[in-house]
Structures are given as C-alpha cells and as structure tokens.
Amino acid sequence: MWLNSDQRNPNQLRFSRCLLVAVLVMLLSSGRVRAQNGVLVHIETNYPEAVAYADEIQLGPARLAPYRVRAATRRIRLTAPRERTWSVLPVITSLNAAPGDTVYLTMNFPFYHRIETQPFGAAAWLQNSAGRTYVGTTPLLYTHGAQISGLFVLELEGYAPEEVEPREEIWNRYELVLTPIDVAAGGGQPLRPVRRRWWIDVALGAVAVAAGTVTVHYKFKADRINDTYQATGDPALRPRVAALDDRAGIALGVMQVGLGTLAIRFILR
C-alpha cells in the first residue's frame, strides 16, 4: 500500500528537499565554472575588417568582438582580409589571462602604400611640410605607423614627374603610367614607318600573352603560399609572397606595355 505525501516521514521529506537543492546548486555551479573557464577578449583596432585568431583558431572579424577564447590561449592575432594579406603584416599580441578574466586589447595596423609605375624604376619621394623624403624605387611598398600628409612624387629620367595624394586606408595601391617628356610637352611626333613589319605585331602580341601567363602563374602561386601565411602567421612566408607579388607586377607591366604598343601601331595604320 502506497502512502501519500501527507503520510510520509517528515525526515524523508526534508532529506528529499535538501537533495534537490544540492543538485540544483551543483548544476548552477558547473554552468558558472564552464562560463568562467574561458577569457573574454575585447579588441579595439583601426582595421575592423581584419580577421582575429586565437593561436591557430579563427574567431572572425575584429568588428564582431568580444570573443571568448580558451584560457590556455597564448596570443591573439589580427590578419588582413585574404585579398590584402600579400603585404600587410599581421598584428600579434600575447595573452596572459586567468580563466574568467576580461581583457581589452588595442591592436592597430600601420598604413601601407604600394606604388607601381609603368615603366617601373621611378624614384619615389614623399613631399610635405617636413621636406622631401626618398621612399624607394618603383615598384615599392612604403609603410608608416600613422596616416601621412603631403604628396608622393614619382620621377624617372625622360618622363614627366607625377604626383599622387596618399589615401587614408590601411592598404593603398597606386598605379601610374608615366608620360614621356616630349609627348607631355606636345612636341612629340608619331613615328610613321614607311614599311609595316607584320612580324613586329606578332612579336608584341606574343610578348603580351607570355607576360600575361607569367602574371597569372605568379599570382596563383602567391595565393597558395598566402593562404598558409594567413592561417599560420609564419613570418618566413612573407618574403616569398612579397617577391612573387613584385614578379607578378613586373610581368603585368610588360604585358601592358606590349598591348599598348600594339594598340598604337594599329591606330597609326
């Protein structure tokens, strides 16, 4: 015969209630411990589109922080989006925190200015109120810790100087076609040979096609290495990617010169 709740021993009722309370406390405590096992990371950066990593684990865009990471995480890394990682170095900071901590990180990128000219080999200068500073020979990558003011001035013997105003993005690319001095001055006369040599057109077309093929080859090769670089942050891979980028840029310039010359020859017919 079963006893109803009113017929049970009062001691048994008290024991059951205490047991239920203890179980609830254990469940709540375990949930709180699980929530406090990780570290909550807030990220402030001048490049919100950068991708955040906790060691080798991808978290997501920096703009979506905070992220909860494992307490054993050693470092937080910000990497530029895939299409811009060829030259932009990741920003890395060590993470020293205890389980349950909340950490605020400031991780700002320097500003990158990639300058290319056709033809290449032009001297590049930064000209502003502080004076005139030589920054390199094209193609080049100029990096600065803050936004810059003034003008980039490109100079190459036999060509008119070109000026370009620096942009304010993290990654900036400038592509300029230099104008020969005689054409810029209006004194140039188009060359009109008496005899048209068809083999020159064929050669120019072949050079353009070959240069285009080389450009695609180097770009795909750089993309494969760049994927590994983005995932691992291995600094040894960056020089290889940068070198392939330069080769692809030079090959692209050769292709453009070949196509441009071929187009002029057809126009002058």
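Q: Does Arg-114 count as buried or exposed?

A: Buried means under 20% relative accessible area, exposed over 50%, and partly exposed in between, with a 1.4 Å probe and protein chains only. Arg-114, at 3% relative accessibility, counts as buried. Please keep in mind that this is a predicted model, in which local features need pLDDT of at least 70 and side-chain atom pairs count only at pLDDT 80 or more, while totals for chains, interfaces and linings use all residues. Residues are numbered from 1 along each chain as its sequence is written, and side-chain values use heavy atoms, with hydrogens and water left out.

Q: With which residue does Arg-114 form a salt bridge?

A: A salt bridge is a side-chain nitrogen of Lys or Arg within 4 Å of a carboxyl oxygen of Asp or Glu. Here the partner of Arg-114 is Glu-116, and the closest N and O atoms are 3.1 Å apart. Glu-116 is buried too, with a relative accessible area of 6%, and its side chain also meets that of Arg-173 in a salt bridge, at 2.4 Å from N to O. Because Glu-116 lies in strand S8 (residues 111-118) and Arg-173 in strand S14, this pair ties together parts that are 57 residues apart in sequence; strands (E, at least two residues) are DSSP runs, numbered from the N terminus. Arg-173 is partly exposed, with a relative accessible area of 34%.

Q: How many salt bridges does a search of the whole structure find, and which residues are linked in a network?

A: The search finds 5 salt bridges, and Glu-56, Arg-75 and Arg-77 are linked in a network of them. Arg-77 is buried, with a relative accessible area of 0%, whereas Glu-56 is partly exposed at 46%.

Q: Where does Glu-165 lie?

A: Glu-165 lies in the loop between strand S13 (162-164) and strand S14 (171-177), and it is exposed, with a relative accessible area of 59%.

Definitions and conventions
Helix = DSSP H or I, 4+ residues; strand = E, 2+ residues; numbered from the N terminus.
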